[in-house]
Amino acid sequence: MNLVGQPAPDFTLPSSTGQDITLSSYRGQQHVVLVFYPLDFSPVCSMQLPEYSGSQDEFTEAGAAVLGINRDSVYTHRAWAAEYGIEVPLLADMRLDVARQYGVAIDERGISSRAVFLIDKGGVVRFQHTEEQTGQYTVRPETVLAKLREL
């Protein structure tokens with residue numbers, strides 16, 4: 001499913017920050033980088049999300065908020081964030097409803113694909129990438145930051 005050029009599907013999910021986060025609340029104010037990942041505490045995810053979190057200042061300077069999304073609970077997100085120093089909000093899509101909206105749910109495995117979506121301030125998807133396999137991690141923060149600077 002290619003969403004580039006389309007309005008980003010809106011959603012509201014509970015987050016590791018203790019607040020519900022609604023995608024459309026960023027509209028007109030910030031770009032949003034959605035980082036879908038399979039599972040907290042898994043090897044590749046435990047490299048990916050800390051890298052995105054460690055680049056948070058650069059994303060903020062570029063006018064973007066980073067949001068991690070997967071099927072784990074907010075309680076698991078909080079424990080994982082504390083252990084790995086992850087400061088970006090982690091959203092709990094426990095039924096994979098949002099992953100399905102973005103075409104990245106792997107229902108037979110109960111997880112989402114590893115995928116990145118860049119949504120502009122107007123709420124339109126401007127970049128998306130889904131890894132062929134969940135163990136791959138090819139779209140690093142610097143790639144997304146370069147795409148942000150093109151907006």
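Helices and strands are here DSSP runs, numbered from the N terminus, with helices of type H or I spanning at least four residues and strands of type E at least two. In these terms, L96 falls in the loop between β5 (90-92) and α4 (97-101). The model is a predicted one. It contains five salt bridges, and R95, D97, R100 and D107 are joined in a network of such bridges. A patch of negative charge on the surface is formed elsewhere by D57, E58, E61, E87 and E142.

**Salt-bridge network**

- Side chains of opposite charge can pair when their charged atoms come close.
- Taken together, the network links R95, D97, R100 and D107.
- R95 counts as exposed because its relative accessibility of 64% is over the 50% cut-off.
- D97 is partly exposed, at a relative accessible area of 36%.
- R100 is likewise partly exposed, with a value of 38%.
- D107 is partly exposed as well, its relative accessible area being 42%.

**Negative surface patch**

- The residues gathered in the patch of negative charge are D57, E58, E61, E87 and E142.
- Helix α2 (residues 56-61) supplies the largest share of this patch, namely three residues.
- E61 has its place in helix α2.
- The relative accessible area of E61 is 71%, which is over 50%, so this residue is classed as exposed.

**Residues with positive phi**

- Most residues other than glycine have a negative phi.
- F41 has a phi near 65 degrees, a positive value in a residue other than glycine.
- The position of F41 is in the loop between β3 and α1.
- F41 is partly exposed, with a relative accessible area of 38%.
- L96 also has a positive phi, near 65 degrees, and is a residue other than glycine.
- L96 lies in the loop between β5 and α4.
- L96 counts as buried because its relative accessibility of 5% is under 20%.

**Polar contacts to backbone oxygens**

- A polar atom of the S112 side chain lies 3.3 Å from the backbone oxygen of Y37.
- S112 is part of strand β7 (residues 111-112).
- S112 is buried, its relative accessible area being 1%.
- Y37 is located in the loop between β3 (31-36) and α1 (45-54).
- Y37 has 0% relative accessibility and therefore counts as buried, the limit being under 20%.
- In a second contact, the side chain of S46 reaches the backbone oxygen of S42 at 2.8 Å.
- S46 is a residue of helix α1.
- With a relative accessibility of 12%, S46 counts as buried.

**Separations in sequence and space**

- Y37 and G122 are 85 residues apart in sequence, and their C-alpha atoms are 24 Å apart in space.
- V116 and A65 are 51 residues apart along the chain, with 13 Å between their C-alpha atoms.
- V116 is found in strand β8 (residues 115-119).
- V116 is buried because its relative accessibility of 3% is under 20%.

Methods
Residues numbered from 1 in each chain as written. Predicted model: local features only at pLDDT ≥ 70, side-chain atom pairs only at ≥ 80, totals over all residues. Heavy atoms only, no water. Patch = residues over 30% accessible without salt bridge, like charges linked within 9 Å, V, L, I, M, F, W, Y side chains within 5 Å. Areas by Shrake-Rupley, 256 points an atom, 1.4 Å probe, with all protein chains shown as cover. Salt bridge = Lys/Arg side-chain N within 4 Å of Asp/Glu carboxyl O. Lys, Arg positive; Asp, Glu negative; His and termini not counted. Charge placed at Lys NZ, Arg CZ, Asp CG, Glu CD. Buried < 20%, exposed > 50% of the residue type's maximum accessible area, 1.4 Å probe, protein only. Polar contact = N/O pair within 3.5 Å; in protein donor to acceptor, adjacent residues only side chain to side chain.
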